[in-house]
Amino acid sequence: MRRAFRWSLLLVVLLGALSVVLLAATVYTYDRLTAETLIAELRFDETGDRQYVAHLRTGDRCDERTYPVFGDQWRVDAEFLKWKYWAMLLGLDSQYRLDRLEGRYRSAAEQNTAPNVAHDLAERTAVDVVAVAGALGSLNFLLDATYGSSTYEDIDVGNVYYVFRTTTGIITRHEPRPLAPPAGEALSVTIDGACGEPSLPRRLVGWADDGALAVLDLTGF
């Protein structure tokens, strides 16, 4: 009986420690907010009447994803986390992550009736930090506030659009799209950062999401 109790206690401790690790790993799928930083690059190719293929690069911009977009404009949404004051004193900065990409019509009537599609940009995580904070209620000791920020701009296939995050939200700038090189010349691509393996927290979250820890239901915390 005593041995069974010890094993049960050990299992509870291990599950508790694993929950803390997963929560920390999920937090690190968000990125720290310390200064204005480039977080996404977008360009568009026209495929029809107000129909486009969006070419999106995020993070180190090594990988490119493509999405269909309808409308006159494009819009990117981001989610922000603001920690309680004592957590910020310990060095836990406010953080963000990209949430959604979609097309946008200038007319509200067309927005409600014309074709449109939204694309989820957020990474799947084993723990929903916002849901956990909400479930804790008054016992929530970390998260102070969550809010969304959006930026949108007219679609011009002749431009490249850059999304920057600031300490309060996201903003957009653009510049002319580089011309295609003459036939026979190689295309030069500039990479601002090194391309490599994802960080340990992101790998941990991905491993958990693949089902290795599917037996844990942490949403009731």
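User: What joins strand 9 to strand 10, and through how many residues?

Analyst: A hairpin does, through 4 residues. Keep in mind that this is a predicted model. Strand 9 covers residues 159-165, and its antiparallel pairing with strand 10 runs over 7 bridges. Within that pairing, Phe 164 sits opposite Ile 171 of strand 10.

User: OK, and which sheet order do those strands belong to?

Analyst: The order is 4-3-2-9-10, an open sheet of 5 strands with antiparallel pairing. Strand 4 (64-70) and strand 10 (170-176) are the edges; each has a single partner strand, so one side of each has no neighbour in the sheet. From one strand to the next, the twist averages 30°.

User: How many bridges join strand 2 to strand 9?

Analyst: There are 5 bridges, and the two strands run antiparallel. Leu 42 is opposite Tyr 161 of strand 9 there.

User: Is strand 9 mostly covered or mostly open?

Analyst: Mostly covered: 7 of its 7 residues are buried. Asn 159, Tyr 161, Val 163 and Arg 165 point one way, while Val 160, Tyr 162 and Phe 164 point the other way, and all of them are buried. As background, side chains in a regular strand alternate between the two faces of the sheet.

User: Switching to the core. Which residues touch the most other members of the largest nonpolar one?

Analyst: Leu 42, Phe 44 and Trp 74, out of 21 residues in that core. Strand 2 (37-48), strand 3 (51-58), strand 4, strand 5 (73-83), strand 6 (95-104) and strand 9 each supply at least two of the core's residues.

User: What is Leu 42 in contact with, leaving aside its neighbours within four places in sequence?

Analyst: Ala 54, His 55, Leu 56, Trp 74, Val 76, Leu 101, Asn 159, Val 160 and Tyr 161. In the protein, 62% of the contacts between residues at least 6 apart in sequence join residues at least 24 apart.

User: Now charges. How many salt bridges does the count come to?

Analyst: The count comes to 10. One of them pairs Asp 72 with Arg 50, with the closest N and O atoms 3.3 Å apart. Asp 72 is in the loop between strand 4 and strand 5 and Arg 50 in the loop between strand 2 and strand 3, so the pair ties together parts 22 residues apart in sequence.

User: Is Asp 72 buried or exposed?

Analyst: Buried, at a relative accessible area of 11%. Arg 50 is partly exposed, at 25%. Asp 72 also meets Arg 106 in a salt bridge at 3.8 Å, N to O. Arg 106 is in the loop between strand 6 and helix 3 (108-113), so this pair ties together parts 34 residues apart in sequence. Arg 106 counts as exposed, with 54% relative accessibility.

User: Which residues are linked in a network of salt bridges?

Analyst: Arg 50, Asp 72, Arg 106, Glu 110 and Asp 154.

User: And what does Arg 75 meet in a salt bridge?

Analyst: Glu 102, at 2.3 Å, N to O. Arg 75 is in strand 5 and Glu 102 in strand 6, so the pair ties together parts 27 residues apart in sequence. Arg 75 counts as partly exposed at 25% relative accessibility, whereas Glu 102 counts as buried at 10%.

User: Last one, zooming out: how many helices and strands does the protein have?

Analyst: It has 5 helices and 10 strands. Buried residues are 33% of the 221 in the protein. The protein exposes about 13,300 Å², with carbon and sulfur atoms supplying 57% of that.

Methods. Residues numbered from 1 in each chain as written. Predicted model: local features only at pLDDT ≥ 70, side-chain atom pairs only at ≥ 80, totals over all residues. Heavy atoms only, no water. Pairing = 2+ DSSP bridges. Axes fitted to C-alpha atoms, helices over the stretch in contact; angles between N-to-C directions. Core = buried A, V, L, I, M, F, W, Y, C linked by side-chain atoms within 4.5 Å. Buried < 20%, exposed > 50% of the residue type's maximum accessible area, 1.4 Å probe, protein only. Contact = heavy atoms within 4.5 Å. Areas by Shrake-Rupley, 256 points an atom, 1.4 Å probe, with all protein chains shown as cover. Salt bridge = Lys/Arg side-chain N within 4 Å of Asp/Glu carboxyl O.
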